[in-house]
Protein chains: 2
Amino acid sequence: MTYPDFSFTITQERGAARLGRLVTPHGTIDTPAFVAVGTQAAVKTLTPEEVLATGAQVIFTNTYHLYLRPGHDLVAAFGGVHRFMGWGAPVMTDSGGFQVFSLGAGLEHGVGKVANIFPGEAGGVLAGAPVRTARPLMKVSEDGVRFKSHIDGTLHTFTPETSIAVQRALGADIILAFDECTSPLHDEAYTARSAERTHRWAERSLRFFQDHPAVHPYPQALYGIVQGGAFERVRKASARTVAGMDFHGLAIGGNLGKTKAQMRQVLEWTTPELPREKPRHLLGIGEVEDIFGAVERGCDTFDCVSPTRNARNGGVLARFDGEQPLPRFRLNIRNARYARDPRPLEEGCDCYTCTRFSRAYVRHLFKADEQLGQRLATLHNLRFMARLMAQIRESLAAGTFDALKRSWLEPVGLGV
Amino acid sequence: MTYPDFSFTITQERGAARLGRLVTPHGTIDTPAFVAVGTQAAVKTLTPEEVLATGAQVIFTNTYHLYLRPGHDLVAAFGGVHRFMGWGAPVMTDSGGFQVFSLGAGLEHGVGKVANIFPGEAGGVLAGAPVRTARPLMKVSEDGVRFKSHIDGTLHTFTPETSIAVQRALGADIILAFDECTSPLHDEAYTARSAERTHRWAERSLRFFQDHPAVHPYPQALYGIVQGGAFERVRKASARTVAGMDFHGLAIGGNLGKTKAQMRQVLEWTTPELPREKPRHLLGIGEVEDIFGAVERGCDTFDCVSPTRNARNGGVLARFDGEQPLPRFRLNIRNARYARDPRPLEEGCDCYTCTRFSRAYVRHLFKADEQLGQRLATLHNLRFMARLMAQIRESLAAGTFDALKRSWLEPVGLGV
């Protein structure tokens with residue numbers, strides 16, 4: 001087997017939006033693309049074949065989780081994450097930074113202290129409030145981050161070098177530089193100091209990546225991560241700094257503000273600073289209106305747990321419930337109104353679930369706590385995302401992106 | 001669509017063992033056959049296509065569960081259980097009796113009283129010990145059984161007429177007469193009185209079945225149930241009585257004793273009393289050695305939750321672990337010894353799981369609480385059962401059943 005090198009080709013531009021092709025050793029990704037999340041080397045409830053059949057082109061697995069369990073060495077011994085999990089298409093891994101910060105109750109030295117770095121993302125805790133916790137799980141220094149495993153309490157250290165070494169072992173096609181992910185609770189001063197440290201970590205990640213060749217017999221691409229929170233000066237400086245480094249692509253991470261309007265603002269500060277020719281990944285975004293907003297502002301790929309996590313809670317993605325547009329493109333299949341509903345989860349959908357099962361049956365499975373219900377909803381939601389992205393790509397090719405966006409968002413009173 | 005009538009043809013007999021073909025409106029079942037259990041109109045974790053792909057020919061769903069949730073009327077409105085769940089092959093339903101008795105803490109009037117009718121099947125409580133419970137969930141009378149829903153505490157009554165009406169609505173190909181399922185805790189006197197009542201219920205079930213045609217546009221077959229516990233006189237009398245009624249087939253139910261040897265003894269009392277030409281279903285049996293024992297004694301079909309339930313707990317069916325025969329034909333995939341094991345769950349197995357994934361990966365999924373692990377183990381275990389049954393049928397055709405049985409049981413020190 002020969003592996004193609006990594007490349008990104010923009011085939012069409014419409015304003016800031018781009019239609020592209022991202023070539024990786026395990027296949028080509030047509031962009032804009034949604035990246036399905038398979039945290040622990042499995043897209044929850046589904047087989048690799050099923051994920052692929054939804055139209056998903058690429059999955060995201062998590063460095064922190066796989067490092068702790070089953071261990072990156074074990075995954076490497078099985079030929080990397082693709083072979084370990086039986087997924088032949090492209091894979092991305094994150095740097096581990098987000099989980100190290102989000103799964104710990106943080107106690108930090110020298111700069112801001114918060115009891116829980118992410119108590120709900122848009123919570124009401126004052127920025128920089130110095131709350132001490134009895135058992136800190138995480139400690140940041142210039143070198144890296146010391147943290148306790150959320151599984152067994154053992155102590156571990158992630159540095160930029162560790163992160164890249166682990167990601168070399170896991171063997172994803174696209175890997176990410178190590179970063180600190182700040183929260184809306186951090187003030188501008190802390191966010192700026194953190195971003196500068198993230199830039200030093202980016203340099204170290206890049207150097208380690210260049211000095212240590214791939215573990216598996218195919219190349220990997222390394223993306224840098226732009227941080228800077230929702231502060232214009234910091235975000236723009238971070239974008240310029242990371243853009244100037246020799247990465248294959250750029251990811252936009254961290255705190256994107258407390259509202260969807262702020263998220264779009266952050267993107268408007270960021271993407272103009274990034275080199276046109278490199279692919280751009282927006283971390284952790286997956287709501288329909290956010291994807292329209294991010295594509296319009298020049299992002300190429302997006303990962304988010306929400307389509308799969310919502311599915312497991314009975315949150316089914318659909319534009320309409322009968323004649324009625326669904327405000328968040330979502331219905332709750334557990335609702336009593338679907339108890340005798342013979343229609344598919346989403347009328348017109350061509351997915352496995354919708355072509356075979358009624359809402360009544362899927363609802364029964366949820367009410368009866370049958371895992372099959374979660375599977376069927378997950379399959380549908382991933383197919384929904386794949387169809388949405390295909391429509392977006394077609395509209396970019398045809399020059400009808402604005403019309404497509406309006407047709408989706410106006411019936412439910414959303415603008416971007 | 002035209003539906004064939006119900007028929008059973010014995011194509012080969014070897015001693016008491018029979019090779020047969022059971023024709024139902026939804027397809028033919030080659031017997032001996034294992035019946036996969038799909039309690040709530042779903043074989044847990046799997047789609048209908050997946051169940052069929054394992055080689056399963058027929059599934060068992062539960063009248064009590066579907067009556068309570070989603071309701072037999074709802075299932076009927078969707079065209080019956082086959083259409084509701086998207087399973088085109090044969091279905092059996094039980095009478096509801098077993099769940100009514102086993103899910104209740106029993107308080108019974110007139111005859112024996114036990115706190116919990118099934119506190120572990122082979123427990124040490126004295127037979128007939130009169131233990132009162134504060135909140136009885138179940139009450140038996142000549143008319144039927146009054147019970148509380150285990151879901152919401154509502155009160156319901158099942159009579160022979162209710163059971164058949166519900167099973168007509170559900171629309172399984174093979175349905176069962178209403179019975180009381182006694183336990184090893186009941187003494188002979190109670191077991192005998194209960195069996196006599198079960199015979200009166202059998203007559204009522206049959207009469208209601210004959211007086212009320214099928215709800216769906218295909219016929220159903222009704223099996224009577226032999227009870228009588230592990231008492232020779234009672235069991236033989238029950239077999240003779242039920243054998244004399246106009247059922248399409250016979251099921252052997254209830255308490256089969258406290259040991260596997262007793263179970264085989266009960267079968268030796270029972271099957272000689274049953275008409276040769278009617279199919280025989282043994283309720284709730286599914287361990288490998290029990291199946292060999294039951295086939296040898298003239299049973300044609302068997303249902304049991306153990307292959308699927310064990311799978312969800314990491315209990316993987318396999319004959320060997322490397323060179324070593326597995327005493328209970330089962331390994332625990334969660335065991336640390338499989339952490340880096342590149343082999344399939346069972347070497348030589350042709351199932352979806354074994355042809356794609358390593359023990360190491362499946363173990364990882366179990367350790368990481370990924371539902372996919374339960375799915376992959378369930379798929380394998382059902383394929384294991386289907387392959388076992390196919391081997392048994394081939395051996396009956398070839399006259400090599402005894403050799404096959406010895407090749408399975410002798411390496412692990414089991415006899416039948």
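Let's start with A:Gln227. Leaving out residues up to four places away in sequence, A:Gln227 touches A:Asp179, A:Glu180, A:Cys181, A:Thr182, A:Thr198, A:Val234, A:Arg235, A:Ser238, A:Gly253, A:Gly254 and A:Asn255. Contact here means heavy atoms within 4.5 Å.

A quick word on the model. It is predicted: local features need pLDDT of at least 70, side-chain atom pairs count only at pLDDT 80 or more, and totals for chains, interfaces and linings use all residues. Residues are numbered from 1 along each chain as its sequence is written, chains are lettered from A and ligands numbered from 1 in the order written, and side-chain values use heavy atoms, without hydrogens and water.

Back to A:Gln227. Is this residue buried or exposed? A:Gln227 is buried, with a relative accessible area of 1%. Buried means under 20%, exposed over 50%, partly exposed in between (1.4 Å probe, protein chains only). A:Gln227 sits in the loop between β11 (221-226) and α8 (232-243) of chain A. Helices (H or I, at least four residues) and strands (E, at least two) are DSSP runs, numbered from the N terminus.

Now the record. Under "binding site", an unreviewed UniProt entry lists residues including A:Asp94, A:Asp179, A:Gln227 and A:Gly254. Such annotations may be inferred rather than shown by experiment; positions follow the numbering used here, and feature names are shortened.

Next, A:Asp94. It is in the loop between β6 (91-93) and α5 (97-102) of chain A. A:Asp94 is buried too, at 6% relative accessible area. Its contacts, again leaving out residues up to four places away in sequence, include A:Phe60, A:Tyr64 and A:Leu176.

Last, the two chains. 100% of the interface residues of chain B are also interface residues in chain A, so the copies meet through the same surface.
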